[in-house]
Amino acid sequence: MRLKTLLLTALLMLSVLPLDCYAQEAWNLSFSPALNFPISKVQDEPLRIGNGFEFGVDYQWSERIQPYVGVIWNRFDTDEDFDEPNIRYVQKGVAVGLRYHFALANGKAKICFLRGGMVLMDLRTRSEGGEFDINTSFNIGAQFGAGLSLPLAHQWALRPELRWTLINHQADAPFSSADLDFRHLSLAVGLRYSWQ
């Protein structure tokens with residue numbers, strides 16, 4: 001059911017583009033593995049550096065503007081002592097937004113970009129003993145970033161990027177209401193394929 005909701009959301013976002021923009025040469029695919037550096041505690045517990053990825057599709061709307069939609073997966077673990085059970089947090093969802101491309105100097109290629117948009121993610125929490133197992137519904141958050149799109153070969157580019165994501169998950173645990181606030185910086189290095 002959740003996968004169906006994600007796919008329907010992505011299709012809805014793509015359906016708002018005008019019909020004349022579905023030309024194949026204007027589309028890009030990207031895959032970006034990332035290291036996630038938590039900048040906040042969750043339930044007063046520090047998190048270890050996490051990992052994740054984003055698989056995205058974007059459209060070259062103009063020379064500078066690219067709307068995008070992507071599927072996100074992130075994983076974090078708590079940093080517990082050796083005698084305490086670790087808790088694993090897995091986020092899944094979609095990102096939707098815009099990239100704005102610009103050059104650092106006049107006459108140069110527009111390899112720099114800024115991005116901003118929203119994320120729609122759910123959270124699954126699992127602990128070794130099973131006492132902190134939680135599933136949340138989808139919640140809306142924000143994501144901002146900056147990066148470079150460095151041409152490698154015809155139709156391929158390297159895309160290093162720094163992203164900041166913040167989202168608050170509301171969960172009803174069996175024993176109390178849990179407020180799970182995630183804020184993290186992601187360092188991603190991905191590949192982009194373009195039909196140009």
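Is Glu-54 buried or exposed, and what is its relative accessible area? In this predicted model, Glu-54 is buried at a relative accessible area of 4%, where buried denotes under 20% relative accessible area, exposed over 50% and partly exposed the range in between (1.4 Å probe, protein chains only). Because the model is predicted, local features need pLDDT of at least 70 and side-chain atom pairs count only at pLDDT 80 or more, whereas totals for chains, interfaces and linings use all residues. Residues are numbered from 1 along each chain as its sequence is written, and side-chain values use heavy atoms, with hydrogens and water left out.

The protein chain contains 1 helix and 10 strands, these being DSSP runs (H or I, at least four residues, for helices; E, at least two, for strands) numbered from the N terminus. Along the sequence the order is α-β-β-β-β-β-β-β-β-β-β. Of the 196 residues, 41% are buried, and the accessible surface amounts to about 10600 Å², with 62% of it belonging to carbon and sulfur atoms, as computed by the Shrake-Rupley method with a 1.4 Å probe, only the protein chains shown counting as cover for residues. Among contacts (heavy atoms within 4.5 Å) between residues at least 6 apart in sequence, 61% join residues at least 24 apart.

The structure holds 8 salt bridges, each defined as a side-chain nitrogen of Lys or Arg within 4 Å of a carboxyl oxygen of Asp or Glu. One of them joins Arg-115 to Glu-54 at 3.1 Å, N to O; this pair links distant parts of the chain, with Arg-115 in strand S5 and Glu-54 in strand S2, 61 residues apart. Arg-115 is likewise buried, at 4% relative accessibility, and both residues belong to a salt-bridge network that also includes Glu-161 and Arg-163. A further salt bridge, between Lys-110 and Glu-63, has its closest N and O atoms 2.9 Å apart and connects the loop between S4 and S5 with the loop between S2 and S3. Here Lys-110 is partly exposed at 26%, while Glu-63 is exposed at 57%.

Asp-58, also placed in strand S2, is buried with a relative accessible area of 1%. Its side chain makes polar contacts with the side chains of Gln-66, at 3.5 Å, and Arg-99, at 3.1 Å, a polar contact being a pair of N or O atoms within 3.5 Å of which, within protein, one must be able to donate a hydrogen and the other to accept it, and residues adjacent in sequence count only if both atoms are side-chain atoms.

Leaving aside neighbours within four places in sequence, Val-42 is in contact with Leu-47, Tyr-89, Leu-180, Asp-181 and Phe-182. Asp-181, partly exposed at 22%, forms a salt bridge with Arg-183, the closest N and O atoms being 3.2 Å apart.

At the surface, Lys-41 in the loop between S1 and S2 is exposed at 54% relative accessibility, and the C-alpha atoms of Lys-41 and Arg-183 are separated by 8.5 Å. Ile-39, which lies in that loop between S1 and S2, is partly exposed at 47%.
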